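Reader: I would like to learn how to read salt bridges in a model. Please take me through the feature with a case.

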Amino acid sequence: MHASDRDIARHMARNCVAFRVRRASRVITRAYDKTLAPSCLSSVHVTLLSAVENRPDLNVAALADVLGLDPSTLSRALTGLLKKRLVKQQTSGDKRERYFEATDKGRERLRVAFDLWRDAQ
């Protein structure tokens, strides 16, 4: 006897680890974003700002690897922080390699977010 398409779909929906992990991630992200809201930073922004502040020596590709992101995804996210003047791009000898550094405004925003982040922890 073969399982029906609906039975297969139900089984997958009930037992899919990837679905459950992604759902848990979305729930956790919403909770962090709500707690971080007074800092005007999302959990993604806090993660990126702290990574850039912690490792200004890493280019976008290396930073993306550390964060488990695609370099193009990281570049788009960093562009948002650039527009808000929370990070600045550093120049290097190779124009293809981009490095970022938190600005004073970015560091201040990160300090504000830190206390909120601890509450979320």
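Reader: What does R107 form with E101, and how far apart are the closest N and O atoms?

Author: A salt bridge is a side-chain nitrogen of Lys or Arg within 4 Å of a carboxyl oxygen of Asp or Glu. In this predicted model, R107 and E101 form one, with the closest N and O atoms 3.4 Å apart. Local features here need pLDDT of at least 70, side-chain atom pairs count only at pLDDT 80 or more, and totals for chains, interfaces and linings use all residues. Residues are numbered from 1 along each chain as its sequence is written, and side-chain values use heavy atoms, with hydrogens and water left out.

Reader: Which salt bridge do D104 and R107 make, and where do they lie?

Author: Helices (H or I, at least four residues) are DSSP runs, numbered from the N terminus. D104 and R107 are three residues apart in helix α6 (residues 104–120), about one helical turn. Their side chains meet in a salt bridge at 3.1 Å, N to O. D104 is exposed, with a relative accessible area of 61%.

Reader: What do the side chains of R118 and D115 do?

Author: They meet in a salt bridge at 2.7 Å, N to O. Both residues lie in helix α6, three residues apart. R118 is partly exposed at 48%, as is D115 at 42%. Elsewhere, salt bridges that share partners join E53, E101, D104 and R107 into one network.

Reader: How many salt bridges are there by this rule?

Author: The count comes to six.

Terms used
Helices (H or I, at least four residues) and strands (E, at least two) are DSSP runs, numbered from the N terminus. Buried means under 20% relative accessible area, exposed over 50%, partly exposed in between (1.4 Å probe, protein chains only).
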